[in-house]
Amino acid sequence: MAERFLLRLLVNGVEREAAAWPMERLLDVLRDGLDLTGTKEGCGEGECGACSVLMDGELVNSCLVPALAAQGARITTIEGLSSGGALHPVQRAFLEQGGAQCGICTPGMILAAVRLLEQCPHPSESEIREGLAGNLCRCTGYMRILEAVRSASG
Amino acid sequence: MRGFVPDYELLAPSSLSEALALVEDGCRPFAGGTDLMVQLESGRLAHKRFVLLWKLDELRGIGANNAEVRIGALTTYTEVRRSELLRREFPLLAQAAAETGGVATQNRGTLGGNIANASPAADSAPPLLVYDAELELVSRAGIRRRPYHGFHTGYKQIDLEPGELIRAIILPRGRSRWRETFRKVGTRNAQAISKVCLAAAARCEGGRIRQIRIALGSVAPVPLRCVAAESALAGAAAGSVPDFPMEARPVSDIRSTADYRSKVARRLVEDFLRSLG
């Protein structure tokens, strides 16, 4: 039997603490421990990308990160993208282009797109497809999602 | 059903020597977690004590001397595909890294973890076999090197002594004038496990194949180096497709059938042979 430990994170710029089991999924700490339910669970096995968050600036599937591996990390979830009530440009593009249907994939899709555009501000279509390849949309609304990312890339 | 999380110990040592003591004490290595967390989720993670290697800098980094490139076991797929050196000298490995999982998986999945996980479908394995990779293994007793070829001894079995960890993957340099290919056949390039995967390289001179390396994934209980095919094909006219023995022994499973895998594996090799003309 393991013991709980005090997990310290910088979540969306705010220091947060939660008691966690070492092997507890970061996804569960965010949703249940910190009440950040914008991060969604899809497959729970790293296939769908619905639980994507940024950890120390890089995209990860939070269902595959044990809490202990996140100790001291900087996490960005979908709740942390807007600032002062204004949507992030990628969020606005998804809204304007209709890049969301049921919405389950949207938080992960937007975080993957934000990270892609940080690394590659003007991606080609194939670069967008590759950057989002780990994020599945169960409504298959991929064309609008591609258009949203393209429009956000200016 | 998911494993009961409080049952699982995960310890975070601050140095490699602490980690090795824990491994000697029966802890299993835990790197990026992209395979182990999936096993935990499905209730198949039998072992309960793990040592988290992620923060050990001793296991990171890509370095080189004149003779070889040394890749720390915790090097992620993202680091492999971003490495200028690997892209230039070992392009099949960089390509395999780019076609493994999606971005999030590539950010956490490690080369050493992929080897230790020992899936016959691992896409990084055929390039490592083609490049004559060696493994640097470390334990409290010391360091040893061994060829990667032969490291997988059976389905999900590896030749690691108790107390040992994979510290680095070594690739011999000086490969000039080799023609190479990496082909992954699956339902989708990213985020899909291969039905068949081929890495091959050949050096031709005077219109003949002088040296050839062929390795296949997902067609045997282990990542397969096709030595019988290699020796049959050495000396053949470049661009010809002579008959050659295939060591593939695929099974039918959820992703494909044995028959399809056998046919495609042979055709991938034939395509490569034709391209040498």
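In what order do the 3 strands of the open sheet in chain B stand, and is the pairing parallel or antiparallel? I looked this up in a predicted model, where local features need pLDDT of at least 70, side-chain atom pairs count only at pLDDT 80 or more, and totals for chains, interfaces and linings use all residues. Residues are numbered from 1 along each chain as written, chains are lettered from A in the order written, and side-chain values use heavy atoms, without hydrogens and water.

**Entry 1: the sheet**

I found the order S1-S3-S2 in chain B, with parallel pairing. Strands are DSSP runs of E with at least two residues, and helices are runs of H or I with at least four, numbered from the N terminus. Two strands pair if DSSP finds at least two bridges between them. S1 (9–11) and S2 (28–30) of chain B are the edge strands, each with a single partner, so one side of each has no neighbour in the sheet. I noted 3 parallel bridges between S1(B) and S3(B); Leu10(B) has Phe50(B) as its bridge partner in S3(B).

**Entry 2: Ser52(A)**

I located Ser52(A) in strand S3 (residues 52–55) of chain A. Ser52(A) counts as buried because its relative accessibility is 2% (buried is under 20%, exposed over 50%, partly exposed in between, with a 1.4 Å probe and protein chains only). Its side chain reaches the backbone oxygen of Gly49(A) at 2.6 Å. I also recorded a polar contact of 3.3 Å between the side chains of Ser52(A) and Asn135(A). A polar contact is a pair of N or O atoms within 3.5 Å; within protein, one must be able to donate a hydrogen and the other to accept it, and residues adjacent in sequence count only if both atoms are side-chain atoms.
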